[in-house]
Amino acid sequence: MEALVFLGCTVPVRNLNYEVSARKVAEALGVRLVDLPELGCCGYPLKSGDQRAALVLAARALAQAAATGLPLVPLCSACAGTLTEAAHHLDHDPEARAAVQAELDQLGLTYRPGVKVRHLARFLLEEVGLEAIAGKVVRPLTGFTFAPHYGCHFLKPSRVMGGLDDPEDPRSLAQLIAVTGAQSLDYARLKDCCGGGVLGADEDLAGRMAGGKLGELTAAGVTAMAVVCPFCNVMFEGQQKAIAKRLELEIKVPVVYLTQILGLALGFKPDELGFKLNRVKPKELLEACK
Amino acid sequence: MPRPALIWLEGPGLEGLDREMVARAAQVELAEPGRGLAPEAAVVTRAEARTPESVKSWLQGKPVQWLDLGAEVGGGQPAHRLARAAAAVARAAGRAGLGVLAPVYAPQPAQRVLVFGQGVAALLAAHAVAGLGHPVLLAWSGEDPSRPAAGDDPQEATRLGALLPAGVELSPRTDLTRLEGAAGAFTAWLEDVTGRRAERFGAVLLAPPATWTGEAPPAGLRPELVARLDQAPEPPAGDGWRRVAILAGVNGPATAAGFSLALHAALAMQAQPRMQAHVFFREALVAEPGGERLYRQAREAGALMARVAEGGLRVTAEGRGLAWDDPVLGEELELMPDLVLAGAGLEASLPEVLRDPVLWPQGPWLAPEHARLGGGRTARSGLYLLGAVAGAQGAAAARVQAAAAAAEAHDLLGGRATPLPVVRHNHCASCLTCVRVCPHGAPRYDNDCITPAPAACVGCGICAAECPAQAIAPVGWGQNELIEGLKRGLALAAKPALVVMACGQSALPAARELSLAGHEWPAGVLWLPLPCAGRAGLELILRTLALGAAGVLVAGCHEGMCRSLAGNLRARLRVGEAAATLGELGLSADAVAFLPLASNQPLALKDAVTALHGRLAARGE
Amino acid sequence: MRINDCDPGLKYEIAAEPGGEGIKACFGCAACSARCPVGALVPDYDPRRLIRLALIGDRERVLASPLIWLCSACHGCAEVCPQDVRFSEVMTAIRNLASRAGYAPPSQKAIAKQLAAHGRLLEVTDFENNKRAELGLPPVSEAPRDYQTILGLAPEAGQEPGEGA
């Protein structure tokens with residue numbers, strides 16, 4: 001099967017380990033990821049300042065995807081949320097669609113409803129399926145425990161993103177972890193927001209939001225936290241040291257991408273999955289998978 | 001006297017009991033249902049509702065005691081169960097053996113129904129009763145049947161008035177000057193231009209029209225700023241933003257209809273350009289059907305809501321401003337309104353005819369919180385109070401009331417067989433005690449003797465307990481019958497014997513629940529089911545002790561919950577008198593006790609019975 | 001606070017903005033405030049209070065407030081709201097109004113400039129593409145012209161348009 005991959009702004013520049021592992025895993029599971037170089041920013045960062053323009057940016061991506069006829073698969077949760085919400089809005093509001101189309105006319109694009117936007121993790125769950133994935137696992141990660149971090153835009157707002165999982169009692173990422181043979185941790189702050197949305201406005205606040213989860217997982221002693229979004233990665237991995245210092249907390253939590261975990265279980269070597277670029281490495285796991 | 005036979009039907013609670021041993025111990029014969037001729041009298045080990053039709057038709061015409069034996073036996077040691085079963089069968093046999101009761105002449109209840117009142121509530125009542133097939137006389141003091149009362153939707157009133165069914169006779173410009181009687185035999189005196197006439201009705205539904213009573217605005221507000229909500233106020237004029245303060249139950253008691261009125265006014269104001277309505281209330285009374293939706297509509301239209309505590313809305317700026325503390329913002333807000341609409345509540349008063357202390361001594365009439373009344377019903381069978389006077393604050397509630405009242409009236413007047421009080425006229429001294437104590441209006445003093453109203457008795461038995469000559473009792477609940485049964489039961493019960501007089505609305509269901517759960521009662525506990533705790537009476541309690549019981553526990557409903565208004569209160573008082581009597585005789589006063597409980601309090605019953613029985617056993621009485 | 005000094009029209013402006021339609025439905029149950037992760041850490045940040053101020057019409061404390069930029073867009077409030085206010089979307093509406101009134105923080109302008117220059121938040125040059133090539137990843141291009149058209153902005157003088165412009 002084929003899908004149009006949406007890289008967004010951050011992943012292709014700052015999170016190459018995510019992209020590399022995502023492409024390897026997709027290929028191994030029979031999903032051909034097609035690239036469209038003209039895709040740019042999904043519009044998320046612009047929403048607070050000018051949401052009408054942001055909607056047009058999202059519509060641009062959706063229009064380009066519609067032209068290929070392929071499902072649109074973002075790697076970043078914020079992109080997935082933004083594009084899904086935009087499609088939902090445009091598909092249900094003819095006035096908004098007419099206004100957006102007037103803008104798209106200037107770009108020579110036409111918005112067409114019916115583009116299926118799904119985060120890569122969701123796409124793997126729904127289109128490939130746990131059974132098929134389990135069938136391809138060659139290196140079960142038994143004995144390791146990962147703490148899934150769902151973040152806020154993978155499942156919410158449920159009105160728009162719904163159908164996969166219950167945001168107040170999520171299980172989807174836990175299932176994807178369990179299929180590798182590893183344990184998925186259920187912990188108190190499972191549903192906490194990473195704080196990435198306020199990093200620009202108030203670094204201290206963002207750090208406090210992420211710090212709670214980091215503190216709990218340090219105490220729990222997990223192999224790693226598993227994320228599916230580059231923003232969350234910025235908070236938990238990039239900001240880890242700064243948060244530990246500012247909050248005067250002992251924090252040591254390796255942060256990996258879900259696709260990196262899947263990749264290891266599917267038999268890839270750590271170097272193939274971009275682990276060199278991980279800042280806080282899960283040493284035991286990498287040893288075991290050499 | 002006929003000898004009763006025991007018809008043993010297996011069922012829950014009877015496992016492991018040897019029917020032959022039970023029959024032998026209770027001194028009754030066993031009979032196989034359907035085999036040969038039916039016995040002269042019978043005790044069946046199952047409640048009537050759960051007995052197969054074949055058995056019931058086989059026993060047709062014979063005195064039968066339906067004994068829910070499984071519930072009375074309960075769990076525990078086999079010997080105790082056997083003893084309890086035998087005692088229960090014996091007691092039932094005693095009652096069955098009293099023979100065929102002479103048929104009592106029951107005058108036919110009048111079928112015509114009077115609906116007196118105006119507005120949507122009255123119209124709904126007329127529709128509901130006529131819909132069940134009873135001829136209705138709809139009488140009221142005004143002219144037009146479709147005229148809405150305060151709080152009514154005028155369109156609804158017009159529609160109901162136009163669509164009155166064929167069985168409804170109209171009597172406009174009519175006053176109800178006097179009302180007497182009970183279900184099946186009410187006499188109403190109606191007066192109009194043609195004169196005064198007395199008419200007979202089977203049931204009476206009164207729907208006094210409601211009026212708006214205004215709430216006093218906060219003291220100190222400039223009077224020129226204030227108008228009344230229920231008087232179609234004009235929006236204030238002006239160019240810029242104008243502000244209207246609407247008081248929906250701030251200084252006075254609020255009603256749901258009044259709150260609804262306030263929200264409608266808010267919607268009307270918000271429909272004007274550049275108008276801002278602020279609605280103040282102590283409570284948002286939205287529980288009426290449609291209330292939540294109206295509340296949301298008002299908010300969507302832009303009305304702002306402010307909840308204030310009692311006394312929390314203060315007058316400022318020399319009578320031109322209103323101030324209150326907003327708990328969400330944590331600060332004081334001040335508003336200078338262009339108009340203040342003072343709230344109103346919807347009220348109706350008890351009809352004049354019911355205020356006659358001689359004809360209508362029993363009360364309370366209106367008890368919407370009462371678990372067994374409410375919804376338009378009063379304790380007086382066949383008499384219903386509908387509309388705002390009974391707590392209905394809108395057409396939906398009035399519709400429910402009308403349906404409930406009509407259904408019950410229909411039951412009384414036609415379908416359901418009601419118990420009848422039996423009067424032994426050679427014993428009756430016409431003291432009128434029964435007339436005085438019955439809350440349902442069943443015993444009537446007519447033609448120099450006590451006559452039962454055709455459809456008013458509910459079988460509570462308070463008359464039987466209170467009659468000094470034992471001259472009246474609902475069929476089956478006479479003093480002799482109860483005592484006969486007690487004799488036979490006490491003869492078999494283990495000593496010390498504790499008789500539990502169990503009210504059918506509370507203690508009996510609780511006991512049943514315990515028995516079905518396998519609870520083991522102490523040996524010697526004997527159950528006497530009663531329709532109401534008020535049936536117990538001083539005489540029965542003392543007689544029970546005289547017959548050999550060591551103690552009596554009367555178990556009835558909680559205060560305020562009695563279906564017959566004061567049956568439980570009477571029982572409590574009589575138990576107190578019995579205790580005092582015992583004390584005077586030098587016996588232990590605590591051998592008798594009254595336990596208030598509800599049907600969902602089995603543990604309270606269990607604890608009380610066990611405790612009292614334990615005390616009696618310890619004393620070795 | 002004097003109510004008469006406030007602007008009753010503010011709530012209609014918010015309701016007219018995409019996403020703000022639900023604001024008037026709020027009846028102040030505080031489910032949102034209870035769920036808000038920012039509110040748990042910043043006492044002054046209270047979604048219910050913000051809604052109340054917006055409904056009353058205190059422009060100063062809503063549009064000009066620095067608090068409205070602290071929302072992390074986690075959508076928790078929208079999940080728990082019993083009246084379907086969708087406060088996370090109302091917040092976007094309020095921010096848009098605030099931006100148009102001139103209260104946007106500097107980062108907002110920076111974002112728009114970046115998008116106009118590169119069509120992306122983060123610039124992509126040969127340096128980035130070389131790094132990608134080392135890992136076997138296909139190159140990424142910039143297409144800023146479309147973004148300039150949509151945003152009505154011209155690229156800053158001196159900026160390279162990038163590949164594929």
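Q: Which way does H7(B) cross H8(B), left-handed or right-handed?
A: Left-handed: that is how H7(B) passes H8(B) in this model, which is predicted.

Q: Which residues of H7(B) and H8(B) meet?
A: From H7(B), Ala256(B), Ser260(B), Leu263(B), Ala266(B) and Leu267(B). They meet Gly291(B), Leu294(B), Tyr295(B), Gln297(B) and Ala298(B) in H8(B).

Q: How do the residues of that contact divide into nonpolar, polar and charged?
A: Between H7(B) and H8(B) there are seven nonpolar residues, three polar and no charged.

Q: What about the axes, where do they come within reach and at roughly how many degrees do they cross?
A: H7 spans residues 256–270 of chain B, and H8 spans residues 291–300 of chain B. Their axes come within 9 Å and cross at roughly 30 degrees. Angles under 35 degrees count as roughly parallel, so H7(B) is roughly parallel to H8(B).

Q: Switching to chain A. What domains is it divided into?
A: Domain 1 covers 2–105 and domain 2 covers 138–288.

Q: How many Å apart are their C-alpha centres?
A: The centres of domain 1 and domain 2 of chain A lie 23 Å apart.

Q: And how many residues does each domain put into the contact?
A: Domain 1 of chain A gives 21 residues, and domain 2 of chain A gives 23 residues.

Q: Which helices supply the domain 1 side?
A: H1 (11–14), H2 (16–28) and H4 (77–92) of chain A each supply at least two residues of that side. The largest share, nine residues, comes from H2(A).

Q: What is that side like by class?
A: On domain 1 of chain A, the side touching domain 2 has ten nonpolar, eight polar and three charged residues.

Notes. Residues numbered from 1 in each chain as written. Chains lettered and ligands numbered in written order. Predicted model: local features only at pLDDT ≥ 70, side-chain atom pairs only at ≥ 80, totals over all residues. Axes fitted to C-alpha atoms, helices over the stretch in contact; angles between N-to-C directions. Helix = DSSP H or I, 4+ residues; strand = E, 2+ residues; numbered from the N terminus. Parallel < 35°, antiparallel > 145°, perpendicular 65-115°, else oblique. Left-handed = near helix turned anticlockwise from the far one by under 90°. Contact = placed C-beta atoms within 7 Å. Nonpolar A, V, L, I, M, F, W, Y, C, P; charged D, E, K, R; others polar. Domains from an automatic or database assignment.
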